[in-house]
Amino acid sequence: QRPPLSLRVNRKRVLPGDYLKQLEKDGIGARRVAPEDTAITLDTPCPVEAIPGFAEGLCSVQDAAAQLAAPFISPMTGERVLDACAAPGGKTGHLLELADKLTLFATDISEGRLQRVEENLERLGLVAETRITDATAPVTLGGEQFSAIMVDAPCSATGVIRRNPDIKVHRLPTDIGYFAAQQVEILRGLWPLLGNGGRMLYVTCSILEEENDRGIARFVEDQPDATISELSATIGQATQYGVQTLPAAQGTDGLYFALLNKVGSGTWSSDR
């Protein structure tokens, strides 16, 4: 199937309802994915150059399922937030659009991919500190812990095969175990950077349980200060530990989300 082209409206620049009217005025058919949501799906995909206000930062191209991530983290004004494995920066921009005065670090292991994050932020008029970092062994970023961390982990990408059909040819059964082990190592590597009382959102674009619920279970078993919060969404279905969206069911990409909390002797606050 051909995937839809969905946009995320930048609420700092324009309201979703007003932007939908602008699309209609320009003869572009579109619909809201859910009431009061930032997600708008175009009836017919088109080049970004033809999307009104794209170059000016009024919107970004982002699947409706991916737009669940930043609200699940629910960043608050003044917080210190880490977006790990951030490229190409869609979720980075969304975090900054949701809250004011965030101190946000966007990291990725690839310099070239991190450049795409910087380009997207420049288009949106947003600012984040970008660092080349291996998430399995990150250095201290700024000397303080974070109140929230987003982990968009490398995965099999089985939830986005229709956008990347070569996955069906290039992926091997042995790849899944490799990704699953790497994902747990990333969680373990980033966990010390999270302050007490902080929250960590784990995201994959996989529909395989081995990379999703089972990975979360393996991590929590060895991490006594980690708990799992229940997530609910207007799209997607509940799993044992999180939420899974499926292309056949929702028409979105297949993404998985799980929200972890760090418990300790005190509650983390961004002004410590």
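**Helix packing and its surroundings**

The crossing of H3 and H4 is right-handed; that is, the near helix is turned clockwise from the far one by less than a right angle, anticlockwise being left-handed. This is a predicted model, where local features need pLDDT of at least 70, side-chain atom pairs count only at pLDDT 80 or more, and totals for chains, interfaces and linings use all residues. Residues are numbered from 1 along each chain as its sequence is written, and side-chain values use heavy atoms, with hydrogens and water left out.

Me: At roughly what angle do the axes of H3 and H4 cross?
Reply: Helices here are DSSP runs of H or I with at least four residues, strands are E runs of at least two, and both are numbered from the N terminus. Axes are lines fitted to C-alpha atoms, for helices over the stretch in contact, with angles from 0 to 180 degrees between N-to-C directions. H3 covers residues 90–98, H4 covers 111–124, and their axes come within 9 Å. The crossing angle is roughly 35°.

Me: Which residues of H4 meet H3?
Reply: Contact means heavy atoms within 4.5 Å. From H3, Thr 92, Gly 93, Leu 96 and Glu 97 take part. Their counterparts in H4 are Val 117, Leu 121 and Leu 124.

Me: Is Thr 92 buried or exposed?
Reply: Thr 92 sits in helix H3. Beyond four places in sequence, its contacts include Leu 104, Ala 106, Val 117 and Leu 121. Buried means under 20% relative accessible area, exposed over 50% and partly exposed in between, with a 1.4 Å probe and protein chains only. At a relative accessible area of 0%, Thr 92 is buried.

Me: What is the bridge partner of Ala 106 in S7?
Reply: Strands pair if DSSP finds at least two bridges between them. S6 (residues 103–108) and S7 (residues 129–132) run parallel and are joined by four bridges. The partner of Ala 106 is Thr 130.

Me: Which helices and strands do the buried residues of H7 pack against?
Reply: H7 spans residues 213–221. Its buried residues are Asp 213, Gly 215, Ile 216, Ala 217 and Phe 219. They pack against H6, S9, S10 and S13.

Me: How far apart are the C-alpha atoms of Gly 251 and Asp 175?
Reply: Gly 251 lies in the loop between H8 and S13. Gly 251 counts as partly exposed, at 30% relative accessibility. Along the chain, Gly 251 and Asp 175 are 76 residues apart. Their C-alpha atoms are separated by 26 Å.

Note on methods:
A crossover is right-handed if, with the strands pointing away from the viewer, the path from the first strand over the helix to the second runs clockwise.
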